[in-house]
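Dear colleague,

Here is the structure I promised to hand over. My notes on it follow below.

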Number of protein chains: 2
Amino acid sequence: MSQRSGDVFMSVGANAVTFAGQPPLLSHDGVHDARRRIAGRVVHTPVVRSEELEGLAGARLWLKAENLQRGGSFKMRGALLAVERLAGAKSPGVVAQSTGNHAIAVALAAAQYGLAAVLVLPTDAAPAKVTRIRDTGAEVIQVGTTLAERIAVVEELKHTRGLDEIDPYQNPDVVAGQATATVDLLHQVDAADGRLDAVVLPVGGGSALAGACLATTGQDIDVYGAEPSAVPALTAALQAGGPVTVDARPTIADGLRPDRIGQLPYDLAHDTVAGVFTIEESAIAQALRLVLVHARLLIEPAAATAVAGALRLAADGQARDIGVLVSGGNVDTSLVASLLDHRPA
Amino acid sequence: MSQRSGDVFMSVGANAVTFAGQPPLLSHDGVHDARRRIAGRVVHTPVVRSEELEGLAGARLWLKAENLQRGGSFKMRGALLAVERLAGAKSPGVVAQSTGNHAIAVALAAAQYGLAAVLVLPTDAAPAKVTRIRDTGAEVIQVGTTLAERIAVVEELKHTRGLDEIDPYQNPDVVAGQATATVDLLHQVDAADGRLDAVVLPVGGGSALAGACLATTGQDIDVYGAEPSAVPALTAALQAGGPVTVDARPTIADGLRPDRIGQLPYDLAHDTVAGVFTIEESAIAQALRLVLVHARLLIEPAAATAVAGALRLAADGQARDIGVLVSGGNVDTSLVASLLDHRPA
């Protein structure tokens, strides 16, 4: 396992607020504190184990079932903390860009705190996700299909309407909130008299991975990322020594399409991460099917990417007890049907 | 709500053993005691709530997710208690007939206690279920397609090989074990500061329903059964004043195909049950889809039948907090794919 850089991680940017009398947000103690603040306001999702799946894997797989979280993903955690802080600061409203889960989470959290919310999504966003956001009363703006087009709209809304942005990867509240999923997992494994050798996180912009690095500080637990081979943004960043934009190919893992790791997640994770699994599309699909059939959970392809990484880690014989962040369950049923129909014999 | 017949229910047959110093097995105290005996040996399955599903239902739905149980169904509970008792009595081995979940559960429990097990299934049993039973080391005999043919083989094996039968509906350990699922549910709702108005159970042979009647004794909770309209065995029994064999039509709810309620479940439940929902095939399919998409759980059609009953109860405005036994998750993926592909627009 690689060296940890210490208990307290660098916090960056104007959002890196420290509460008086509380530990720095982006530290091991800070994310444990975040977990206490968030308790009772998010679903205490179960950790699911499947004898059948573990038999296939040859290792114990502790699946943190955040597909059962409010809003259908762990992104609810960070959104709630970020919106809570902005509501306390009398924010006139929030704006966020996202292709999916972060937008749903921000919309739900803003509704809960009575804040106006504008979510900027691509024109090809899943209609079900758009409907879901609108159901909260939030405003949806759909523009273009690129990140740059969405960011331009966010910048404009910040200036013309005075809205506060909640960035999915750069906002420290968001990263600390996402970390609480791993903190929960560690507590639940401990309560079951288990002990993890490793955790595997899906990597899009990197907030889950950074959160896991914070959560596991000081423990002998290897932290692995898993990303689609179609979008190897973490692999490229680690090779280049910093975030770089990669040429993304199509992937069913819509939640992992960001073609560049966030700077903050990179800063928090690059010294700590034990390795990265790059997962082919067929392996993502197979992991989704295996979890559906054997663990009886509907998960989205992003979560399946982490499961596929865990199966690779188990096959390598490097870990007996592997925690997996099953990040979400927002998946179109037509995709599920086609994956079930076209499974290998 | 109808009158309860008291804390201690009649126990019938040679299997109705009472442990010295312990409450009668088939009583409110007895099933709570069974829950303590079984703790740590079955999965403490979560109670899952879905904001989206509850929004559609207009009521709070507390889904006891026994699809995440060992062996894929709540039948593990009763099988474990029954096999434990027989193992303690130096049984030479066990035999059970079943079309599915009970057979899987008995095979797993027997393997755990080192007992030989013979499971008698129909020739048209799901190959996946047969494979799963064989994987435990148990012997599988497939004969005919009727209950009578399977029972004849069980009787023969009892006499020629001295095996002890574990009947899915008449064995008191089995019924008490199945009751622990509802006891767990009540504890979990209580721990979440909730309070159930009603519970809905899927009805095949009736063990889940009888267990719920035992578990809720003395509490102001209505107990409802839900059965396919294709196999209205409970409805017919309540009308006739005792178990009768009904003309069964085909149903996707393979776990609810018994065409006659067991005598023991009938005796335990008939005074208590508040009502029965008979569910059309299309409503079973729709409930399965709704739970998959909104609660992100893969459930089998038998469990979906209970969910459909809960949705009807909610629509009637008769209950605000409804517990549902999501009895299992052993479903063929090709069925799921076809249900997802052919959903209403």
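A polar contact of 2.9 Å joins the side chains of R150(A) and Q97(A). Please keep in mind that this is a predicted model. R150(A) belongs to helix α6 of chain A, which covers residues 147-161. Is R150(A) buried or exposed? R150(A) has a relative accessible area of 6%, and because buried means under 20%, R150(A) falls in that class. Apart from its neighbours within four places in sequence, R150(A) is in contact with Q97(A), S98(A), T99(A), V120(A), L121(A), P122(A), V143(A) and T145(A).

**The annotated domain**

UniProt, in an unreviewed entry, places the feature "domain: Tryptophan synthase beta chain-like PALP" at residues 43-328 of chain A. Over residues 43-328, chain A is 46% helix and 16% strand. The end C-alpha atoms of that stretch are 13 Å apart.

**How the two chains are related**

**The interface**

The size of an interface is often given as the accessible area lost when the parts come together. Chain A and chain B bury about 2,000 Å² between them, and 56% of this is on carbon and sulfur atoms. The contact takes 24 residues from chain A and 24 residues from chain B.

Between chain A and chain B the count is four salt bridges. Across the same interface there are ten residue pairs in polar contact, both residues being at pLDDT 80 or more. Which helices of chain A each supply at least two residues of the side that touches chain B? They are α2 (51-57), α11 (281-295) and α13 (333-341). The largest share of that side comes from α13(A), with six residues.

One salt bridge joins the side chains of R70(A) and E51(B), at 3.0 Å from N to O. In another, the side chains of R132(B) and E52(A) meet at 2.6 Å, N to O. R132(B) lies in helix α5 (residues 127-134) of chain B and E52(A) in helix α2 of chain A, so this pair joins two chains. R132(B) counts as buried at 18% relative accessibility, whereas E52(A), at 23%, counts as partly exposed.

**Salt bridges within a chain**

Over all chains the structure holds 37 salt bridges. E84(A) forms one with R37(A), where the closest N and O atoms are 3.4 Å apart. This pair links distant parts of the chain, with E84(A) in helix α3 (residues 75-88) and R37(A) in helix α1 (residues 28-38), 47 residues apart. E84(A) counts as partly exposed, at 24% relative accessibility. Both residues belong to a network of salt bridges that links D33(A), R36(A), R37(A), R41(A) and E84(A).

In chain B, the side chains of R60(B) and D321(B) meet in a salt bridge of 2.7 Å, N to O. R60(B) lies in strand β2 (residues 60-65) and D321(B) in strand β10 (residues 321-326), so the pair ties together parts that are 261 residues apart in sequence. R60(B) is partly exposed, with a relative accessible area of 30%, while D321(B) counts as buried at 7%.

Regards

Methods. Residues are numbered from 1 along each chain as its sequence is written. Chains are lettered from A and ligands numbered from 1 in the order in which they are written. This is a predicted model: local features need pLDDT of at least 70, side-chain atom pairs count only at pLDDT 80 or more; totals for chains, interfaces and linings use all residues. Side-chain values use heavy atoms; hydrogens and water are left out. UniProt positions are given in the numbering used here, feature names are shortened, and annotations may be inferred rather than shown by experiment. Helices (H or I, at least four residues) and strands (E, at least two) are DSSP runs, numbered from the N terminus. Buried means under 20% relative accessible area, exposed over 50%, partly exposed in between (1.4 Å probe, protein chains only). A polar contact is a pair of N or O atoms within 3.5 Å; within protein, one must be able to donate a hydrogen and the other to accept it, and residues adjacent in sequence count only if both atoms are side-chain atoms. Contact means heavy atoms within 4.5 Å. Buried area is the accessible area (1.4 Å probe) that two parts lose on being put together, summed over both.
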